[in-house]
Amino acid sequence: MERALVWAGGAAFLLVWLIAGIAPAMAHPHVFITAGATFVFAGEKIAAMRVEWLFDDVFSDTVIQDHDANHDGHFDTKEIADIEAHAFTAVKDFHYFTYLWVAGKMIEPIHVRDFSARQANGLVTYSFVVPLPEPVDPRAAKVQAELYDETYFVQVDLDKPHPVRFEGTAHGCQGKITKDAKRRYYGGVIVPDQITVACGG
């Protein structure tokens, strides 16, 4: 059974990967992402999570070369739409590397909106929003998130200085990060970081 990750267009040297029977050692990461999560509050409830991916210099260079058509050092609206269509949308087949739980129940499927891309100092950052099906009071229901690619073609690491942010009236809230041993992947070698929103009061 074949499982393929294809970010089409110029960024598509990424991928077609993981055919059943291939040894895990052959699927080491080829793309590296530093990720951050921002929980967006509407009043006292979490309405969405904004995800940011900062890419490594090699993949960033590919996106820039293929999609910054006028080579002006930033992406305009048309270029961003082209990136979304040809170097992002296919990641839907891989859950957008994003997993969310409310009260222990995974949100499935993941929907995204407000995709954007920018470049600075030769590095590309993607940003997108994952809305919750309905706003959730984190004091009444536990909200958790994990960001990773279970095929390990892409290595996703949380941004160490600021992995979790809050937008809106997040009074007394913080993001606690622990290891989720129950969701080991890549042959059980990799243990993902789990973000839990903890709010006092």
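This is a predicted model: local features need pLDDT of at least 70, side-chain atom pairs count only at pLDDT 80 or more; totals for chains, interfaces and linings use all residues.
Residues are numbered from 1 along each chain as its sequence is written, and side-chain values use heavy atoms, without hydrogens or water.

Next, colour by secondary structure. The protein chain has two helices and eleven strands (DSSP runs numbered from the N terminus: helices are H or I with at least four residues, strands E with at least two). From the N terminus, the order is β-β-α-α-β-β-β-β-β-β-β-β-β.

Now select the sheet. Five strands form an open sheet, ordered β4-β3-β7-β11-β10, with antiparallel pairing (two strands pair if DSSP finds at least two bridges between them). β4 (105–106) and β10 (173–179) stand at the edges with a single partner strand each, so one side of each has no neighbour in the sheet.

Zoom in on β4. Two bridges join it to strand β3 (residues 98–102), and the two run antiparallel. Pick Val102: its bridge partner in β4 is Lys105.

Move to the cysteines. The structure holds one disulfide (a pair of cysteine sulfur atoms within 2.5 Å). It joins Cys173 to Cys199, S to S 2.0 Å. Cys173 lies in strand β10 and Cys199 in strand β11 (residues 193–199), so the pair ties together parts 26 residues apart in sequence. The torsion about the S-S bond of Cys173 and Cys199 is about 105°, so the disulfide is right-handed. Both Cys173 and Cys199 are buried.

Methods:
Buried means under 20% relative accessible area, exposed over 50%, partly exposed in between (1.4 Å probe, protein chains only).
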